[in-house]
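Please look through the picture first, and then follow the questions one at a time.

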Amino acid sequence: MNITPAWLFRSDDGELLDPVLFRLLANLRESGKLTRAAEAAGVSYRHAWNLLNRGEAFFGMALVEMRKGHGTRLSPLGEKLLWSEQRVKARLGPQIDSMASELNNQLQQLLAGAHPVLRLHATHGYAVALLPGSGSELDLRYCHPGEALNAMERGECDLASFHLPTCPRLAARVMQVYRQSLGRQKLRVIRFVTRRQGLILRAADRDRIGGLSDLTRPGVRFINRDEHSGTRILFNLLLEEEGIGEAQIQGAEREEFTHTAVAAYVASGMADVGFGLEAAAAQFGLDFEPLSTEHYLLVCPEDRLRQQNVQELLTFMGSRGFLAQLESLTGYAADRCGEVETFEALLAGDRA
């Protein structure tokens, strides 16, 4: 089951605007040709024109601009609507995916009888989103690292994600942040992937933004991650090493809750730069300046590693087909995927 958020516009007199309009606008922005946009959106050319005319009447402004000999492009309103819709999907997507996973598992258990479900609480990422394809029943819920570790301690999940910089100095600082949650449980690390984090920006801003120090320049607008995310913790540690305070950065108080939402915010022109995953930058055709590489891991109580569904997941993670999927993700690399070890061994390997 898939659940996707969508804008639903309703006028004061009850008129609804067909959500397919957003697919049409997205395809029109891509191709610049209404015929191609209509075909890609699955509607006729005539219906496409009707949608645009209804949208113009609905908002009182044109959604597109006709350019003789140069096709059709979105008007400023059309651009704003399209980016607003994409930001909503980026912001709410992980929460809705979690809800869909929960509902799926409830329905399947009713239909097929009670059976073990592997529960994973994880921070949002592009690689972890592939794990439900393992064939085992996997209940994937998105939350920040502290929430995931606490849920595992309460017995509410079997696995939790955890990301840790490959730089030993930064890794030690991150371990300190979570030392209480980690220290109360006898955990093992399941290797998964490494991923690159850094500055997400438009190509046009490359000349003025090349590193963290440029975030303090007048006129540079920043979009931050939420304060409890592991990415925000990493970003603040990098700022601290550069001697930069968040108060020096215009927009540091503004927050988005996923990497995709940060990238959409930048791509829409509402900010000049954000901090997040290279994969998110690539999704929106943005530039990326790498600043840190980190392990994205799964952690599991030692006594649960023997569960059959955990063993099945480990086998899937090391399979050729899954590794090929990981290779297709920009900024990601398989990292001894599915192998189990201790935190001490992981950290010692990075120091070697």
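The dialogue below takes up helix contacts, the nonpolar cores, aromatic pairs and one backbone angle in this predicted model.

Q: How are the axes of helix H1 and helix H3 placed, and at what angle do they cross?
A: Helix H1 covers residues 20–31 and helix H3 covers residues 45–59, and their axes come within 10 Å and cross at roughly 105°. Angles of 65 to 115 degrees count as roughly perpendicular, and H1 and H3 are therefore roughly perpendicular to each other.

Q: Which residues of H1 and H3 meet?
A: On the H1 side they are Val-20, Leu-21, Leu-24 and Leu-25, and these meet Ala-48, Leu-51 and Leu-52 of H3. Sorted by class, the contact of H1 with H3 has 7 nonpolar residues, with no polar and no charged ones.

Q: At what angle do the axes of helix H2 and H3 cross, and which residues make the contact?
A: The axis of H2, which spans residues 34–41, comes within 9 Å of the axis of H3, and the two cross at roughly 100°, so H2 is roughly perpendicular to H3. Leu-34, Thr-35 and Ala-38 of H2 make the contact with Tyr-45, Ala-48, Trp-49 and Leu-52 of H3. By class, the residues of this contact divide into 6 nonpolar, 1 polar and no charged.

Q: Which residues of the largest nonpolar core touch the most other members?
A: The largest nonpolar core holds 45 residues, and those touching the most other members are Leu-120, Val-128, Leu-131, Phe-192, Leu-298 and Met-317. Among the elements that give two or more residues to this core are strand E5 (118–122), strand E8 (187–201), strand E12 (287–301) and helix H11 (308–317), while the largest share, 6 residues, comes from H9.

Q: What is Leu-298 in contact with, leaving aside its neighbours within four places in sequence?
A: With those neighbours left aside, the contacts of Leu-298 include Leu-120, Leu-131, Phe-192 and Met-317, and also Ser-161 and Arg-188. There is also a second, separate core of 40 residues, which includes Leu-149, Leu-199, Ile-209 and Leu-215.

Q: How is a pair of aromatic rings described?
A: Such a pair is described by the distance of the centres and the angle of the planes. In this model the count comes to 8 aromatic pairs. In one of them, the rings of Phe-222 and Phe-235 have their centres 5.1 Å apart and their planes at 15°, so the pair is stacked. Phe-222 lies in strand E9 (residues 222–225) and Phe-235 in helix H8 (residues 230–242), so the pair ties together parts that are 13 residues apart in sequence.

Q: Are Phe-222 and Phe-235 buried or exposed?
A: Buried means under 20% relative accessible area; Phe-222 is buried, at 0%, and Phe-235 is buried as well, at 1%. Another aromatic pair, formed by Phe-316 and Phe-322, is tilted, with 4.8 Å centre to centre and 40° between the planes, and both Phe-316 and Phe-322 are buried. Phe-316 and Phe-322 form one aromatic cluster with Phe-192 and Tyr-296.

Q: Where is Arg-336 found, and what is its phi?
A: Arg-336 is found in the loop between strand E13 (332–334) and strand E14 (340–341), and its phi is near 50°, a positive value in a residue other than glycine. With a relative accessibility of 43%, Arg-336 counts as partly exposed.

Notes:
Residues are numbered from 1 along each chain as its sequence is written. This is a predicted model: local features need pLDDT of at least 70, side-chain atom pairs count only at pLDDT 80 or more; totals for chains, interfaces and linings use all residues. Side-chain values use heavy atoms; hydrogens and water are left out. Axes are lines fitted to C-alpha atoms, for helices over the stretch in contact, and angles run from 0 to 180 degrees between N-to-C directions. Helices (H or I, at least four residues) and strands (E, at least two) are DSSP runs, numbered from the N terminus. Angles under 35 degrees count as roughly parallel, over 145 as roughly antiparallel, 65 to 115 as roughly perpendicular and the rest as oblique. Contact means heavy atoms within 4.5 Å. Ala, Val, Leu, Ile, Met, Phe, Trp, Tyr, Cys and Pro count as nonpolar, Asp, Glu, Lys and Arg as charged, and the others, Gly among them, as polar. A nonpolar core is a set of buried Ala, Val, Leu, Ile, Met, Phe, Trp, Tyr and Cys residues joined through side-chain atoms within 4.5 Å. Buried means under 20% relative accessible area, exposed over 50%, partly exposed in between (1.4 Å probe, protein chains only). Rings of Phe, Tyr and Trp (its six-membered ring) pair if their centres lie within 6.5 Å; planes under 30 degrees apart count as stacked, over 60 as edge-to-face and the rest as tilted.
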